[in-house]
Amino acid sequence: MSTAVACELTIPEAPSEELRRRAWEAREALGDQLIVLGHHYQKDEVIEFADVTGDSFKLAKLGAEAEAELVLFLGVYFMAESADVLARPGQTVVLPDLSAGCHLAECADIYTVRDAWEQISGALPGKRIIPLTYMNSDAVLKAFCGENGGAVCTSGNARTVFEWALAEGDAIFFFPDEHLGRNIACDMGFEDASLPVWNPRLAELGGARRELLADAPVILWKGFCNVHTNFTAEQVKRHREDHPGVRVIVHPECPRPTVLAADESGSTEYIIRRCNELPAGSTISIGTDLNLVYRLRDAHPAKTIFPMLDTICPCVTMNRIDLPKLTGCLEALESGGLPNVVSVDEEVAEWARVALDRMLALG
Ligand code: SF4
């Protein structure tokens with residue numbers, strides 16, 4: 001693989017069955033040189049090629065632990081970046097569509113976060129603010145947290161990381177997901193009204209009141225996932241009326257009223273586990289991406305599993321990864337080419353690893 005060279009991705013046009021056959025041929029020819037990582041929200045037509053499925057952090061770690069020199073990520077850009085940050089020397093990460101971004105991650109960029117950080121530091125002299133970023137963020141924001149005494153968190157460990165940060169400092173500056181930050185802070189017992197929201201579009205202190213900032217345990221960033229923000233408390237109420245006995249489980253990227261109205265909330269891995277644990281005959285309504293919900297429905301025929309809202313699109317950017325692009329990638333890799341390489345600047349990667357390591361140290 002040392003002779004592999006960067007190349008353009010050619011997307012083949014052919015009927016699906018032919019693409020599927022070609023993709024499997026290329027996959028088999030690549031053997032152990034390649035590991036394919038598949039995020040839970042990916043479509044069926046590509047997830048069947050995944051060697052492992054999981055959430056973004058679990059996949060990035062598994063990629064780094066694999067012997068393979070090539071890591072093909074079926075997911076979105078920040079996930080492939082995280083895989084590259086954690087990759088062993090000599091591993092190369094590719095993403096079948098470099099335009100597969102994440103709306104939530106794109107709600108925060110390094111320029112507006114730095115500006116906010118300077119304003120917050122100026123407004124709160126003497127206070128130690130700990131910057132925390134959600135896994136769903138650019139590598140450069142993870143690096144920012146690493147450089148400034150902060151860490152990364154996932155939806156599964158956010159509470160542990162928040163508790164660590166409040167033991168380390170006086171307050172948390174959390175980006176980019178307002179809803180996740182509010183859900184965690186409120187679950188920890190903080191009043192919703194004590195949590196200022198920093199809007200990067202507003203020049204003066206992000207629209208936050210100075211006196212609220214001064215006593216805030218957590219400063220939230222005005223960002224959201226455009227899938228999870230669609231689930232509402234009203235829908236939960238309707239589901240309970242239409243399906244007596246239904247168990248409603250939502251992702252913590254949903255707004256606070258939705259989480260409060262639901263029976264449970266948790267990460268994708270949590271949702272999958274609960275669908276396994278709940279007894280046969282259960283009726284379960286799930287507020288997360290449709291691709292995952294429909295796979296869970298098919299995997300549990302003895303339970304009634306359905307999406308909380310079936311009129312929304314699955315995550316649009318996740319769905320940019322499709323069979324033609326995957327086939328093009330696999331065929332290029334088999335021929336010794338390296339299409340769509342995701343490579344994080346080494347200094348950024350080093351600081352991002354510091355932030356990730358702080359999270360990992362918390363167990
Ligand atoms: S579901 Fe939301 S958080 Fe996940 S990739 Fe799509 S936009 Fe980003």
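Residues are numbered from 1 along each chain as its sequence is written, and side-chain values use heavy atoms, with hydrogens and water left out. Because the model is predicted, local features need pLDDT of at least 70 and side-chain atom pairs count only at pLDDT 80 or more, while totals for chains, interfaces and linings use all residues.

Two strands run parallel to β6. Pairing of two strands requires that DSSP finds at least two bridges between them. Five bridges join β6 to β8, and in that pairing T133 has F175 of β8 as its bridge partner. Strand β7 (residues 151-153) is joined to β6 by three bridges, with L132 standing opposite A151.

Rings of Phe, Tyr and Trp (for Trp, the six-membered ring) pair if their centres lie within 6.5 Å; planes under 30 degrees apart count as stacked, over 60 as edge-to-face and the rest as tilted. By this rule the count comes to eight aromatic pairs. In one of them, the rings of F162 and F174 have centres 5.2 Å apart and planes at 70°, so the pair is edge-to-face. F162 lies in helix α7 (residues 158-168) and F174 in strand β8 (residues 171-175), so this pair ties together parts that are twelve residues apart in sequence. Both F162 and F174 are buried.

A further pair is formed by F173 and W221, whose rings are 6.0 Å apart centre to centre with 55° between the planes, a tilted arrangement. Since F173 belongs to β8 and W221 to strand β10 (residues 218-221), the pair ties together parts that are 48 residues apart in sequence. F173 and W221 are both buried. Ring pairs also link W117, F144, F173, F175 and W221 into a cluster.

F175 has a further feature in its backbone. The peptide bond from F175 to P176 is cis, with omega near -5°. P176 is placed in the loop between β8 and α8 (178-187).

Strand β11 (residues 247-250) pairs with β13 in the parallel sense over four bridges, and R247 stands opposite I284. Four bridges also join β13 to strand β14 (residues 304-307), again in parallel; here I284 stands opposite I305.

The ligand comes next. Around it are Y41, C102, H103, N136, C225, N226, V227, E253, C315 and M318, a residue being near a molecule or strand if one of its heavy atoms lies within 4 Å of it. By class, this shell has six nonpolar, three polar and one charged residues. In this scheme Ala, Val, Leu, Ile, Met, Phe, Trp, Tyr, Cys and Pro count as nonpolar, Asp, Glu, Lys and Arg as charged, and the others, Gly among them, as polar.

Two loop residues have positive phi values. L205, in the loop between β9 (197-198) and α9 (210-215), has phi near 50°, a positive value in a residue other than glycine. At 6% relative accessibility, L205 counts as buried. N340 lies in the loop between β15 (337-339) and α15 (346-361), and its phi is positive, about 50°, although it is not a glycine. N340 counts as buried at 15% relative accessibility.

Finally, C275 lies in helix α12 (residues 268-277). Its relative accessibility is 0%, so C275 counts as buried. The C-alpha atoms of C275 and R27 are separated by 31 Å, the two residues being 248 residues apart along the chain.

Methods. Buried means under 20% relative accessible area, exposed over 50%, partly exposed in between (1.4 Å probe, protein chains only).
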